[in-house]
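I opened this notebook to record what I looked up, element by element. I begin with the strands and end with the aromatic rings.

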Amino acid sequence: MKIWKVLLVVLTLGTTSCEHIEMAQPQHFEEYTSNWEMWPIDTDWQLGNEVIQFINEYRISKGMDLLTKDTGLPSALAAQHSNYMIYTQQMSHDGFASRAEIMANNGAVAVGENVAFGYENGYDVVNAWINSPDHRDLLEGNYTHIGLGIRTDVLGTTWVTMLVFRK
């Protein structure tokens, strides 16, 4: 009888143990664990157009010329940097010198960059920059064009890179 009890305990322990539960992976998880330089570089232009609208309204209020949207190279470089910030989960200007050099090699004579994350609308992004002296200086700078890279991570956080430049 004792052997049956021991065998029953062994069988019970063998069939009931702590479960290892794997968390469901966020949608597109693999996209965000691979080489960030190869991630898509499309920009959320709905939000991007809001950002440009509020920047240009601010510039008009200061008697400045409007910035012209450039969806080409500057926006691609900005989107790639937003991907980098998603990958590192840190807001930064890492690699700005390289982006500025690429822009200079393509006709820009002056380049500036602002970054932001966690804002849900264009007004809040631009308002944050206006309320920061260094960021405001770029909004008021002698620039003619703007490129934006706006990307959203798997948790829904929006990351923004703005490149302003003068040709």
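**Strand E4 and the sheet**

I looked at E4 and found eight of its nine residues buried, so E4 is largely enclosed by the rest of the structure; buried means under 20% relative accessible area, exposed over 50% and partly exposed in between, with a 1.4 Å probe and protein chains only. I keep in mind that this is a predicted model, in which local features need pLDDT of at least 70 and side-chain atom pairs count only at pLDDT 80 or more, while totals for chains, interfaces and linings use all residues. Residues are numbered from 1 along each chain as its sequence is written, and side-chain values use heavy atoms, with hydrogens and water left out.

I traced the sheet next: it is open, has four strands in the order E1-E3-E4-E2, and its pairing is mixed. For the assignments, helices (H or I, at least four residues) and strands (E, at least two) are DSSP runs numbered from the N terminus, and two strands pair if DSSP finds at least two bridges between them. Strands E1 (68–69) and E2 (110–117) stand at the edges with a single partner strand each, so one side of each is left without a neighbour in the sheet. E1 pairs with E3 (residues 145–152) in the parallel sense over two bridges, and there I see Thr 68 opposite His 145.

I then went through the antiparallel pairings. E2 and E4 are joined by eight bridges, with Ala 116 standing opposite Val 160. E3 and E4 are also antiparallel, with eight bridges, and Gly 149 stands opposite Thr 161. In the hairpin of E3 and E4, which has five residues between the strands, Gly 156 takes a positive phi near 90°.

**Helix H5**

Which residues of H5 are buried? I listed Gly 122, Val 125, Val 126, Trp 129 and Ile 130. They cover an arc of only 135° around the axis, which puts them on the same side of H5; the arc is that of the directions from the helix axis to the C-beta atoms. What covers these buried residues includes H2, E2, helix H6 (133–139) and E4, where contact means heavy atoms within 4.5 Å.

**Aromatic rings**

I searched for aromatic pairs and the structure holds two; rings of Phe, Tyr and Trp (its six-membered ring) pair if their centres lie within 6.5 Å, and planes under 30 degrees apart count as stacked, over 60 as edge-to-face and the rest as tilted. Phe 54 and Tyr 123 are edge-to-face, 5.6 Å centre to centre and with 80° between the planes. Phe 54 lies in helix H2 (residues 45–61) and Tyr 123 in helix H5 (residues 122–130), so the pair ties together parts that are 69 residues apart in sequence. Phe 54 is partly exposed at 23% relative accessibility, and Tyr 123 is partly exposed at 44%.

The pair of Phe 117 and Trp 159 is stacked, with 4.6 Å centre to centre and 15° between the planes. I note that this pair links distant parts of the chain, with Phe 117 in strand E2 and Trp 159 in strand E4, 42 residues apart. At 39% relative accessibility Phe 117 counts as partly exposed, whereas Trp 159, at 2%, counts as buried.
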